[in-house]
Amino acid sequence: MEFEEIYKTYWQKIYRVCRGYVSDDDWAKDIAQDTFIIVWNQLHTFRNESAISTWIYRIAVNNCLRQIEKQKRLPAANFPEHLSETLEIPLDSKIAFLYQCINELKEVDRIIISLELEDIKQAEIATIVGISEANVRVKIHRIKEKLTEKFKRYDRD
């Protein structure tokens with residue numbers, strides 16, 4: 001598979017996984033872009049031992065974890081308040097709330113539900129995350145219960 005085809009096929013999926021993992025849209029785009037730089041640089045090392053999607057998602061997950069860890073170590077910068085984002089695309093309020101809820105989950109749960117929302121097979125999620133398929137099923141069920149409860153409260157407010 002050529003890189004251009006990989007990029008076109010997986011860009012939106014990887015971006016959404018990253019967006020589910022971090023709370024900032026621009027940061028998610030940066031992480032997704034970094035993921036594809038890694039894919040580009042490492043494509044020659046792919047050995048077809050798993051699906052290429054599994055390999056790419058694993059790179060994305062590792063990249064998200066690295067970026068989050070790096071962010072925790074760096075002091076927060078104080079940017080001038082007069083700067084504003086003019087190109088921000090407004091999200092539907094329920095989608096924005098979903099991202100907010102996902103962001104409140106534990107790290108592993110965030111990545112599992114983000115991959116589930118991308119219709120990744122549970123066996124592949126298990127491989128990406130490094131847990132059993134049965135454990136993935138249990139976690140997905142519990143995560144969906146948590147998110148459903150939060151949405152019930154959201155709709156009442």
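A helix axis here is a line fitted to C-alpha atoms over the stretch in contact, and the angle between two axes runs from 0 to 180 degrees between N-to-C directions. In this predicted model, the axes of helix α1 (residues 3-21) and helix α4 (residues 93-103) come within 7 Å and cross at roughly 65°.

**Where α1 meets α4**
- On the α1 side, the contact involves Arg 16, Arg 19 and Gly 20.
- On the α4 side, the partners are Tyr 99, Ile 102 and Asn 103.
- By class, this contact has two nonpolar, two polar and two charged residues.

**The nonpolar core**
- In soluble globular proteins, nonpolar side chains tend to be buried together.
- The largest nonpolar core here has 42 residues.
- Ile 14, Ile 56, Ile 111, Leu 115 and Ile 125 touch the most other members.
- Helices α1, α2 (25-42), α3, α4, α5, α6 and α7 each give two or more residues to this core.
- Beyond residues up to four places away in sequence, Ile 14 touches Ala 32, Thr 35, Phe 36, Ile 56, Tyr 57 and Ala 60.

**Helix α6 and its cover**
- Helix α6 spans residues 122-129, and its buried residues are Glu 124, Ile 125, Ala 126, Ile 128 and Val 129.
- Their cover includes α3, α5 (107-117) and α7 (133-156).
- Gly 130 follows α6 and has a positive phi, near 90°.

- Which side chain of opposite charge is nearest to Glu 124? It is Lys 121, 6.8 Å away.
- Glu 124 is buried yet has no salt bridge, because a salt bridge needs a side-chain nitrogen of Lys or Arg within 4 Å of a carboxyl oxygen.
- Leaving aside neighbours within four places in sequence, Glu 124 contacts Ser 53, Thr 54 and Tyr 57.
- Gln 67 sits in helix α3 (residues 52-73).
- Gln 67 counts as buried because its relative accessibility is 15%, and buried means under 20%.
- With the neighbours within four places set aside, Gln 67 contacts Trp 27, Ile 31 and Asp 34.

**Positive phi in two loops**
- Most residues other than glycine have a negative phi.
- Asn 48 has a positive phi, near 60°, and lies in the loop between α2 and α3.
- Asn 48 counts as exposed because its relative accessibility is 62%.
- Asp 119 also has a positive phi, near 60°, and lies in the loop between α5 and α6.
- Is Asp 119 buried or exposed? Asp 119 counts as exposed, at 70% relative accessibility.

Conventions
Residues numbered from 1 in each chain as written. Predicted model: local features only at pLDDT ≥ 70, side-chain atom pairs only at ≥ 80, totals over all residues. Heavy atoms only, no water. Helix = DSSP H or I, 4+ residues; strand = E, 2+ residues; numbered from the N terminus. Buried < 20%, exposed > 50% of the residue type's maximum accessible area, 1.4 Å probe, protein only. Contact = heavy atoms within 4.5 Å. Nonpolar A, V, L, I, M, F, W, Y, C, P; charged D, E, K, R; others polar. Core = buried A, V, L, I, M, F, W, Y, C linked by side-chain atoms within 4.5 Å. Lys, Arg positive; Asp, Glu negative; His and termini not counted.
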